Number of protein chains: 4
Amino acid sequence: MDIRFTGVIPPVVTPFNHGEIDLDSLGRTVDFLISSGVHGLFVGGSSGEVAYLTDSQRDAVIATVVERAAGRVPVLAGAIDTTAHRVIEQARRAEVLGVDAVVATCPFYAINDAAEIADHFRAIAAALNVPLLAYDVPVRLNGKKLGRDLLVALGKEGVLAGVKDSSGDDVGFRRLVAANAAAGHPLAVLSGHECVVDGTLLLGGDGCVPGYGNVDPGRYVALWEAAQAGNWAVARDLQDQLCAGFEIVYVPRGRSGDATGIGAFKTVMAAQGTIDTNDMAFPVRALDGEARDGVLAIARAQGLI
Amino acid sequence: MDIRFTGVIPPVVTPFNHGEIDLDSLGRTVDFLISSGVHGLFVGGSSGEVAYLTDSQRDAVIATVVERAAGRVPVLAGAIDTTAHRVIEQARRAEVLGVDAVVATCPFYAINDAAEIADHFRAIAAALNVPLLAYDVPVRLNGKKLGRDLLVALGKEGVLAGVKDSSGDDVGFRRLVAANAAAGHPLAVLSGHECVVDGTLLLGGDGCVPGYGNVDPGRYVALWEAAQAGNWAVARDLQDQLCAGFEIVYVPRGRSGDATGIGAFKTVMAAQGTIDTNDMAFPVRALDGEARDGVLAIARAQGLI
Amino acid sequence: MDIRFTGVIPPVVTPFNHGEIDLDSLGRTVDFLISSGVHGLFVGGSSGEVAYLTDSQRDAVIATVVERAAGRVPVLAGAIDTTAHRVIEQARRAEVLGVDAVVATCPFYAINDAAEIADHFRAIAAALNVPLLAYDVPVRLNGKKLGRDLLVALGKEGVLAGVKDSSGDDVGFRRLVAANAAAGHPLAVLSGHECVVDGTLLLGGDGCVPGYGNVDPGRYVALWEAAQAGNWAVARDLQDQLCAGFEIVYVPRGRSGDATGIGAFKTVMAAQGTIDTNDMAFPVRALDGEARDGVLAIARAQGLI
Amino acid sequence: MDIRFTGVIPPVVTPFNHGEIDLDSLGRTVDFLISSGVHGLFVGGSSGEVAYLTDSQRDAVIATVVERAAGRVPVLAGAIDTTAHRVIEQARRAEVLGVDAVVATCPFYAINDAAEIADHFRAIAAALNVPLLAYDVPVRLNGKKLGRDLLVALGKEGVLAGVKDSSGDDVGFRRLVAANAAAGHPLAVLSGHECVVDGTLLLGGDGCVPGYGNVDPGRYVALWEAAQAGNWAVARDLQDQLCAGFEIVYVPRGRSGDATGIGAFKTVMAAQGTIDTNDMAFPVRALDGEARDGVLAIARAQGLI
């Protein structure tokens with residue numbers, strides 16, 4: 001396992017201002033996260049609104065994060081596109097921009113089986129000079145879940161260096177960790193869920209990629225350190241505090257999934273001063289009115305602002 | 001309703017040969033379809049394996065089809081990408097290449113609500129000089145179905161000129177046709193399903209976009225003409241014959257959705273001589289062995305080869 | 001095929017009044033349907049709120065319908081329970097009460113495969129002296145769809161006499177009709193959908209089981225007769241009229257699926273005088289206020305009241 | 001919270017022998033579980049194949065378990081039927097037979113909203129003299145998940161005494177535990193998943209209802225005790241051992257969900273001598289051949305036989 005890809009690796013949000021990417025706010029976010037002690041940065045993920053960014057916007061975001069991180073922590077970049085040849089084009093540009101690893105999903109829009117998905121990852125890894133991690137996010141990908149056997153086999157082959165598991169399948173996560181351990185631990189197995197990091201570390205997970213880590217990175221770092229030290233009651237308490245803050249994503253009613261989750265993160269970050277506005281990528285509108293007030297009320301009660 | 005977008009409009013397959021796009025075979029396919037009497041061509045759809053094509057491959061395919069069609073029938077091009085700004089980049093290139101209309105889905109990978117989806121289509125239409133049609137294909141898009149009220153409202157606004165409905169929701173299709181008629185018929189409502197064209201024309205649909213139309217276009221044209229003449233028993237018989245041939249897609253066992261459906265079409269087309277090989281886009285492997293034999297046996301029994 | 005199970009066979013609603021089954025209203029419903037020309041009655045289906053009825057209530061409903069029908073049309077009874085041995089207990093009671101056929105679903109709550117489901121139907125059929133029909137209703141049954149091959153094989157074996165297809169899978173319906181025809185037509189294939197009866201009869205379906213047939217049975221009978229005569233334009237117009245009335249089920253907002261659909265039927269039936277109240281089985285509350293007004297406004301506009 | 005419903009409460013399997021329930025084996029299972037230290041027994045759950053049992057079979061099973069338990073541990077009984085009035089009939093019989101609590105799901109086959117589901121549980125609780133627990137098992141119930149707010153509200157009302165959560169939604173579980181704690185802990189919140197008990201106890205869960213507890217109850221009891229003592233590393237190791245044994249359920253290929261899971265448990269239990277055969281309820285066939293061998297190989301490697 002490549003230890004550069006363990007610990008707390010937040011998926012960095014992409015700040016906007018009146019429809020344009022706000023690179024100043026992005027730079028401040030990078031500084032805030034690194035100074036909070038995170039172990040890596042994941043740029044171009046779902047929380048980074050990657051699906052809404054054109055190729056030139058993606059490049060600008062990656063370049064800014066790589067430059068600002070300046071080697072202090074590794075930078076992983078999502079190369080999100082429908083199939084291997086398109087992913088490779090995304091990934092090579094990221095590689096040229098200096099990222100330390102690429103993260104790719106299984107094909108989407110396309111309808112493939114396990115053998116085709118394995119070849120997909122093999123082709124991407126073969127085209128790159130940096131490590132490849134798989135991104136398992138069925139909620140965005142027609143429910144497609146990457147199988148345990150597929151992932152561990154690709155780990156043993158040297159195709160994959162890790163997995164970001166955002167599947168919400170806790171039994172599947174534990175089975176993956178166990179099979180990975182039995183295979184010599186080729187994969188860094190990272191949880192993409194904000195609210196069960198204590199449990200996933202207890203069972204042997206290698207880290208987490210929490211979107212809410214943009215809001216409260218220091219507490220995730222403290223949770224990680226408690227877990228490393230075996231202080232599970234402390235870890236649980238920190239996780240409970242994180243969960244109490246994460247309730248912000250359940251406040252907005254009648255809005256889309258992206259508006260609700262990422263929108264709540266940005267709303268608190270703007271109030272914290274990390275970013276200038278809580279604007280979202282078109283066509284998602286920023287939270288305002290009661291939704292914004294409700295999010296901030298929770299953030300205030302949790303001492304986040 | 002723009003009558004250029006009615007009748008039989010097959011989604012053109014993308015022929016491959018050893019991993020490269022075979023533009024000669026593509027040109028022959030265009031000629032075959034037009035000489036069979038089809039009323040339009042849809043390039044860059046799911047049957048065209050659009051999700052597997054890089055941007056430069058997409059451009060080459062569109063350019064070839066536009067040039068070969070040479071104005072004999074209108075050419076509609078899929079501009080398939082995750083969100084509006086990315087779709088617009090795809091669509092503008094297609095527009096420059098001379099297509100007569102653009103076809104776009106709702107956002108995918110992104111998680112949006114109806115208001116955001118409406119803005120998505122509005123932004124795409126505003127960026128184009130050619131008409132925009134919506135492509136409703138929940139099976140590839142996380143189950144997201146475009147709502148009847150949304151579609152008809154966007155038709156009345158002048159944002160959408162039509163809909164390709166591949167949702168398989170027959171009740172929804174009829175409700176859409178009825179609401180569209182009540183609104184003055186702004187939309188060309190096209191069925192994307194191969195096997196129920198007679199019924200969808202009986203209830204007032206404006207045409208069809210059948211992937212299997214690559215294999216047997218003449219019979220779809222005859223079905224369309226029978227329906228136009230009100231010869232419903234004849235239409236039904238032709239549809240039954242088409243369904244008997246369409247059974248080729250159920251032959252391959254244990255293969256992916258794309259390998260099975262598009263793969264079966266290409267297998268018969270290669271045997272017909274329209275295209276050189278039944279190769280698929282990477283990482284999908286062509287049908288061979290028993291699957292290929294089974295497909296060809298049906299095609300032979302139906303007089304297709 | 002047993003021709004007793006073809007034509008228009010409405011699933012009879014179960015009238016309630018202050019929490020008790022209203023057998024007088026039920027009797028009037030039976031008379032209304034038969035005098036409108038329907039070809040059979042299906043009691044104890046989803047539209048009959050069978051899932052809400054205790055065994056003694058089910059028996060009272062079946063007894064009333066059988067007695068009131070008095071042999072004028074065949075009576076089919078749903079025997080709805082989780083698995084074969086429980087279904088058999090339901091079915092035998094119905095048989096004793098004099099029904100002409102039993103209708104059963106695949107197992108639910110249980111999680112079974114195709115072989116187990118086949119044995120399920122075989123056991124039920126073996127325990128009965130009346131014919132057995134299968135009820136395919138995935139929307140209530142965890143998405144489980146009865147396969148074409150399974151159904152036709154059980155038809156050829158003599159296990160099944162027919163299928164009520166409420167799956168909404170139009171391609172599957174056509175493939176079932178074609179395979180059934182090729183096998184010598186052992187099954188009566190009935191559509192459970194209100195809005196596509198013209199198309200399903202055009203392609204060779206044997207009848208329909210429309211819940212909305214409780215509201216407007218005469219028009220379904222006229223549609224059936226037009227289809228039998230090959231007057232497809234007339235059939236389509238009647239179907240369009242039925243669909244315009246069926247819009248009542250889309251009026252209620254923010255209510256459950258059962259409240260909305262069956263509730264809308266009962267609301268119009270009460271206004272027609274067929275039943276005394278639009279009460280529903282506990283815990284479903286009757287439509288009232290704006291929802292009721294909206295339903296009745298459509299019914300009035302369509303000349304149903 | 002009623003502490004009778006905390007700790008390790010296995011869902012007791014229902015042994016069969018040539019199609020008949022084997023009450024001797026059932027009695028031995030009860031003794032084995034109680035002597036292993038479990039804190040309660042759940043009879044008539046999914047692992048007990050409740051959906052396959054007739055009412056008289058259900059009664060025989062409940063009577064046997066109550067009598068054999070003889071007050072040593074509380075007995076909870078599933079009252080599994082489609083809607084409230086039917087559930088109440090099941091529950092009252094169980095109550096007469098002496099159970100200490102009843103467990104009921106939300107309605108199924110019926111399609112209800114949250115308000116109707118709340119009334120469903122209220123009616124059941126009002127009809128009983130023993131406590132009522134909710135059983136949240138979306139995989140069997142059309143994906144319906146009981147909401148956190150609904151459950152906690154019904155806890156505060158005194159309608160529900162607890163929840164068996166078999167939803168696999170780990171974030172939802174944690175949010176339920178937190179909201180329940182904030183409300184004064186009215187509910188005993190039990191995990192229905194075999195493989196994440198350590199994590200659910202760490203975050204504050206009140207116990208577990210593991211089907212695999214029929215096979216290895218002692219280790220679950222040891223895990224519970226380690227968690228109570230705050231020995232999380234020990235708890236994790238025990239959980240890892242339980243997970244290694246639980247791999248038996250993934251061995252059988254090409255069989256149904258019920259055949260695979262419950263079938264694997266029974267196969268090991270028969271080899272352990274707790275029950276006479278690994279027979280399943282009709283129409284599920286017992287595991288045999290390679291599947292049986294594979295299950296037993298794992299059980300042997302884990303020291304279970």
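**Entry 1: an annotated site**

I began with V209(A), which I found in the loop between β10 (207–208) and α8 (217–228) of chain A. A reminder to myself: this is a predicted model.

Is V209(A) buried or exposed? I looked up the relative accessibility and got 3%, so V209(A) counts as buried, the cut-off being under 20%.

Next I asked which residues V209(A) touches, not counting those up to four places away in sequence. My list reads I9(A), P10(A), P11(A), F42(A), K164(A), L190(A), S191(A) and G192(A).

**Entry 2: chain A against chain B**

Then I turned to the chain pairs. How many residues does each side bring to the contact of chain A and chain B? I noted 47 from chain A and 47 from chain B. The area buried between these two chains came out at about 3800 Å², with carbon and sulfur atoms giving 53% of it.

One I wrote down is R86(B) with D81(A), where the closest N and O atoms are 3.6 Å apart. I also counted 23 residue pairs in polar contact between chain A and chain B, both residues at pLDDT 80 or more.

Which helices of chain A supply at least two residues each to the side that touches chain B? I have α2 (55–69), α3 (84–96), α4 (114–126) and α10 (257–272). Sorted by class, that side of chain A has 21 nonpolar, 14 polar and 12 charged residues.

**Entry 3: chain C against chain D**

I read a buried area of about 3700 Å² between chain C and chain D, and carbon and sulfur atoms give 53% of that. Which residues of chain C lose the most area to chain D? They are R86(C), Y109(C) and F282(C), together 22% of what that side buries.

Between chain C and chain D I counted 4 salt bridges. In one of these, R86(D) meets D55(C) at 2.8 Å, N to O. R86(D) also meets D81(C) in a salt bridge, at 3.6 Å. D81(C) lies in the loop between β5 (75–78) and α3 of chain C, while R86(D) is in helix α3 (residues 84–96) of chain D, so this pair joins two chains. I checked accessibility for both partners: D81(C) counts as buried at 4%, and R86(D) counts as buried at 4% too.

While on this topic, I traced salt bridges that share partners and found one network that joins D55(A), D59(A), D81(A), R86(A), R93(A), D55(B), D59(B), D81(B), R86(B) and R93(B).

**Entry 4: pairs without contact**

How far apart are the nearest C-alpha atoms of chain A and chain C, which do not touch? I got 13 Å. For chain B and chain D I found no contact either, with the closest C-alpha atoms 13 Å apart.

**Entry 5: charged pairs within chain A**

Over all chains, the structure holds 88 salt bridges. I opened two of them in chain A. D31(A) and R68(A) meet at 3.0 Å, N to O. This pair links distant parts of the chain: D31(A) is in helix α1 (residues 23–35), R68(A) is in helix α2, and they are 37 residues apart. D31(A) is partly exposed at 26%, and R68(A) is partly exposed at 35%.

K145(A) and D136(A) form a salt bridge as well, their closest N and O atoms being 2.7 Å apart. Here I noted a contrast: K145(A) counts as partly exposed at 34%, whereas D136(A) is buried at 1%.

**Entry 6: E157(A)**

Last, I looked at E157(A), which is found in helix α5 (residues 148–157) of chain A. With a relative accessible area of 43%, E157(A) is partly exposed. Which side chain does E157(A) join by a polar contact of 2.7 Å? That is R122(A). I also noted that E157(A) and P186(A) are 29 residues apart in sequence and 9.0 Å apart in space, C-alpha to C-alpha.

Notes: Residues are numbered from 1 along each chain as its sequence is written. Chains are lettered from A and ligands numbered from 1 in the order in which they are written. This is a predicted model: local features need pLDDT of at least 70, side-chain atom pairs count only at pLDDT 80 or more; totals for chains, interfaces and linings use all residues. Side-chain values use heavy atoms; hydrogens and water are left out. Helices (H or I, at least four residues) and strands (E, at least two) are DSSP runs, numbered from the N terminus. Buried means under 20% relative accessible area, exposed over 50%, partly exposed in between (1.4 Å probe, protein chains only). Contact means heavy atoms within 4.5 Å. Buried area is the accessible area (1.4 Å probe) that two parts lose on being put together, summed over both. A salt bridge is a side-chain nitrogen of Lys or Arg within 4 Å of a carboxyl oxygen of Asp or Glu. A polar contact is a pair of N or O atoms within 3.5 Å; within protein, one must be able to donate a hydrogen and the other to accept it, and residues adjacent in sequence count only if both atoms are side-chain atoms. Ala, Val, Leu, Ile, Met, Phe, Trp, Tyr, Cys and Pro count as nonpolar, Asp, Glu, Lys and Arg as charged, and the others, Gly among them, as polar.
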